[in-house]
Amino acid sequence: QVQLVESGGGLVQAGGSLRLSCAASGRTFSDNAMGWFRQAPGKEREFVAAIRWSGGNSYYADSVKGRFTISRDNPRNLMYLEMNGLKPEDTAVYYCAAARRLVWGPPVTTMLMYNDWGQGTQVTVSS
């Protein structure tokens, strides 16, 4: 069983920055995909970014491309989401997720690929 713990959320003004962290434990990651998703009040959970644990390849949602950067620290089993140029519409609970299957490609932008989820961290962007 994988444990994922997010941290780094908070309240920030529009245009500001935050860095989210996801600490993973419970098993060894090789070529798995890990991702960030978010859910705003009254909306469905949506894809934000994904990274391939081994090679560092990544995908981003169009809405965050150029503003958010996903990265990982393999030895420490940490994943990050650097968020710059934050907008009020980025307000949501952000979740990290890990896939168990060794799959890479467009499917990693969908929730169905992920088996393990963190509890989420709130990001609030004020206008």
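This report walks through the fold of the chain, its sheet, its disulfide and a few residues in the loops.

**Ground rules**

What you have here is a predicted model, where local features need pLDDT of at least 70, side-chain atom pairs count only at pLDDT 80 or more, and totals for chains, interfaces and linings use all residues. Residues are numbered from 1 along each chain as its sequence is written, and side-chain values use heavy atoms, with hydrogens and water left out.

**The chain overall**

Let's start with the big picture. The chain has 11 strands and 0 helices; both kinds of element are DSSP runs numbered from the N terminus, with helices being H or I of at least four residues and strands E of at least two. Reading along the sequence gives β-β-β-β-β-β-β-β-β-β-β.

Along its principal axes, the C-alpha trace spans about 40 × 25 × 25 Å.

Of the 127 residues, 44% count as buried. Buried means under 20% relative accessible area, exposed means over 50%, and partly exposed is in between, using a 1.4 Å probe and protein chains only. As for contacts (heavy atoms within 4.5 Å), take those between residues at least 6 apart in sequence: 58% of them join residues at least 24 apart.

**The strands and how they pair**

An open sheet is built from 4 strands in the order S1-S3-S8-S7, with antiparallel pairing. Two strands pair if DSSP finds at least two bridges between them. At the edges sit S1 (3-7) and S7 (68-73), each of which pairs on one side only. On average, neighbouring strands of this sheet are turned by 15° against each other, direction ignored. Axes for such angles are lines fitted to C-alpha atoms (for helices over the stretch in contact), and the angles run from 0 to 180 degrees between N-to-C directions.

Within the sheet, S1 and S3 (residues 18-25) run antiparallel and are joined by 5 bridges. Val5 stands opposite Ala23 in S3.

S11 pairs with S2 (residues 10-13) in the parallel sense over 4 bridges, and Ser126 is the bridge partner of Gln13. S11 also runs antiparallel to S9, with 3 bridges between them; here Val123 partners Ala92.

**The disulfide**

How many disulfides does a search of the whole structure find? There is 1, a disulfide being a pair of cysteine sulfur atoms within 2.5 Å. Cys22 is joined to Cys96, S to S 2.1 Å. The link is right-handed, with 55° about the S-S bond. Cys22 lies in S3 and Cys96 in S9 (residues 92-98), so the pair ties together parts that are 74 residues apart in sequence.

**Some residues to look up**

| Residue | Relative accessible area | Class |
|---|---|---|
| Cys22 | 0% | buried |
| Cys96 | 0% | buried |
| Arg67 | 14% | buried |
| Gly85 | 31% | partly exposed |
| Asn57 | 37% | partly exposed |

Arg67 sits in the loop between S6 (58-60) and S7. What does the side chain of Arg67 make a polar contact with? The side chain of Asp90, at 2.7 Å. A polar contact is a pair of N or O atoms within 3.5 Å; within protein, one must be able to donate a hydrogen and the other to accept it, and residues adjacent in sequence count only if both atoms are side-chain atoms. A polar atom of the Arg67 side chain also lies 2.9 Å from the backbone oxygen of Ser63. Leaving out residues up to four places away in sequence, Arg67 touches several residues, including Glu82, Met83 and Gly85.

Gly85 belongs to the loop between S8 (78-83) and S9. Beyond its neighbours within four places in sequence, Gly85 is in contact with Gly15, Gly16, Ser17, Arg67 and Asp90.

Asn57 is found in the loop between S5 (46-52) and S6. Not counting residues up to four places away in sequence, Asn57 touches Ala50, Ile51, Arg52 and Trp104.
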